[in-house]
Amino acid sequence: MNSIIQERRQTSRSAVLLVLCAATLAISLATTVINVALPSLALDFQATNRELQWIVDAYNLLFATFVLAFGSLSDRYGRKGALLLGLTIFGGGAVGASFAESSGQLIAWQAVMGLGAAFVYPTTLSILSNVFTERAEKAKAIGIWGATTGVGVACGPILGGWLLEHFWWGSVFLALATAAVIAIAVSAGVVTTSRDPSTPPLDAGGLVLSVLAVGTLVYTVIEAPEHGWASAATLGGFAVAAALLFALVMWERKQIDPMIDVTLFTNLRFTAASAAVTFAYFALFGFIFLISQYFQLVRGFGPFDTGLKFIPVAASIAVGSVLGTILAVKLGNKLIVTVGLVLFTSAFLWISTLSESTSYTEIALQMVPLGLGLGLTSAPATEAIMGAVPLEKAGIGSGMNDATREVGGTLGVAIIGSVYASLYASSLAASDAAQALPEEVKSVAGESIGAAVYASEQLRGGGDEITAQAVSHAANSAFLDGLTAGSYVAAGVTALGAIVAALFLPSRPKEESTVRLVEASRR
């Protein structure tokens, strides 16, 4: 009888895990599925580099801004309800985005989708942590969840590419809306609700301060490339964000039931693991932002072909995530996370050598250490973060994990994109090929690689093949200069992350280490 009950319990938990992974997949796909459509949007909307970055970052801005607050709200008022509400908002935003008629409209609908994602993402991980309570089985479940997250991020370009080949760019968002509807229907029947049993009163001050602090920080990072990193606007934005974060810490320290337990940051397992996640997603999002444009605009691959070329990194992330949590339980988080970030660094140093003639076989091999590096870093670090918070506070723990992920990704697109854009513009202006171009053509080509492709196509359509080729050659060379510089930045950040993990991330939870010491003394 006990075996039958145990089997039914295991089946039920497996069903919940499957549903949570399905919801997570939809949210993860949305973070990168738009990247493969950027060249199409650049042409259809005549979007500038800044508009393209905002199309990507509007989702990330709202996601990062509200994920902490919404993770806390789900703890207080019920995680299943938060999951269903988030999926509904996300799906509605996706429908609106599919019919956007301008860059501004698309940016606004992406923001709505990000708001929904801020409810969904932390809720899936907090529900998972309350369903799987023993460390080994929780680590395995987080490994599968992490694999889904990473694969979703990497497979976004595949889904987007296939849809762009067969339909129009808006079909990308309709597919996400369909996934949300399916997830709502299945979640309603399979997932049971849970919440913090003490149901503490709402910490309105902490909620407002967290939204303002994270929102100001992410917005400042996104706008920094436009204003300049040393400009008054950027430095002022960082100063305001720092002041708000300080105010948040001071406020939360005085609360009996704080939204965020700031003492968590004194736990090196929590803090160092959060830093590792930030470094990893900084590099990943920056890589996808540039490599999608490299495949389509420099190499001339179609959207679906571009998406398929991400399969090696997607498969490697899946393997690394599942393997990483298993190895972390056996060998410790410190070793596995450090190795993952070292793999990440080596991948970006290799990627920096890309040229117009690099074979896809070599590019696929470059993606393997990158994908393994993300899996070995992110999944074990997430397991460490969730292991450092009590079950009743799983929502806020998950929110912290997701906030670091989104802030890292947004920083990656902003900083790596800014480095790339600066090098692209200066390299194009200084190139011999560009010197012979008419000033008007050079000005258009200098806006972005997408604008250069558009200018080249217009010239070619007008019969000026020589000038068209000169524009393409100058733009491609300038893009590769920017990509190389961006790769060095990513490699430097992940190398710093490896050092932080090696120095500060404990190998095992404190309670596990204590048990081992007690057992050793008894022997």
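Accessible areas here come from the Shrake-Rupley method with a 1.4 Å probe. On that basis, the protein has an accessible surface of about 19800 Å². Carbon and sulfur atoms account for 67% of that surface. Keep in mind that this is a predicted model.

**Whole protein**

Start with a cartoon view. It shows 20 helices and zero strands. Now colour by burial: of the 523 residues, 57% are buried. Next, turn to contacts between residues at least 6 apart in sequence. Of these, 84% join residues at least 24 apart.

**Stop 1: a surface patch**

Select Val95, Phe99, Trp162, Phe167 and Trp168. Together they make a nonpolar surface patch of about 530 Å². Zoom in on Phe99. Where does Phe99 sit? Its place is the loop between α4 (79-98) and α5 (103-131). Is Phe99 buried or exposed? Its relative accessible area is 54%, so Phe99 counts as exposed, the cut-off being over 50%.

**Stop 2: helix α9**

Select residues 232-254, which form helix α9. The helix has 23 residues. From first C-alpha to last, α9 reaches 33 Å, close to the 33 Å expected at 1.5 Å a residue. Which residues of α9 are buried? They are Thr234, Gly237, Ala241, Leu244, Leu248 and Glu252.

Stay on Thr234. Its relative accessible area is 2%, so Thr234 is buried. What does Thr234 touch, leaving out residues up to four places away in sequence? The contacts are Thr220, Ala224, His227, Gly228 and Trp229.

**Stop 3: aromatic rings**

Show the side chains of Phe, Tyr and Trp. The structure holds 10 aromatic pairs. One of them is Tyr59 with Phe63, an edge-to-face pair. The ring centres are 5.9 Å apart, with 85 degrees between the planes. Both residues lie in helix α3 (residues 49-77), four residues apart, or about one turn of the helix. Tyr59 is at 1% relative accessibility, so it counts as buried. Phe63 is buried too, at 0%.

Move to Phe344 and Phe348. This aromatic pair is stacked, at 5.8 Å centre to centre and 15 degrees between the planes. Why are Phe344 and Phe348 separated by about one helical turn? Because they are four residues apart in helix α13 (residues 333-351). Phe344 has a relative accessible area of 0% and is buried. Phe348 also counts as buried, at 2% relative accessibility.

Then select Tyr294, Phe295, Phe301 and Phe310. Ring pairs link these four residues into a cluster.

**Stop 4: helix α18**

Select residues 449-461, helix α18. Colour α18 by burial next. The buried residues are Ile449, Gly450, Ala451, Ala452, Ala455, Ser456 and Leu459.

Finish just after α18, at Gly463. This residue takes a positive phi of about 90 degrees.

Methods
Residues numbered from 1 in each chain as written. Predicted model: local features only at pLDDT ≥ 70, side-chain atom pairs only at ≥ 80, totals over all residues. Heavy atoms only, no water. Helix = DSSP H or I, 4+ residues; strand = E, 2+ residues; numbered from the N terminus. Buried < 20%, exposed > 50% of the residue type's maximum accessible area, 1.4 Å probe, protein only. Contact = heavy atoms within 4.5 Å. Patch = residues over 30% accessible without salt bridge, like charges linked within 9 Å, V, L, I, M, F, W, Y side chains within 5 Å. Salt bridge = Lys/Arg side-chain N within 4 Å of Asp/Glu carboxyl O. Expected span 1.5 Å × (residues − 1). Phe/Tyr/Trp six-rings, centres within 6.5 Å; stacked < 30°, edge-to-face > 60°.
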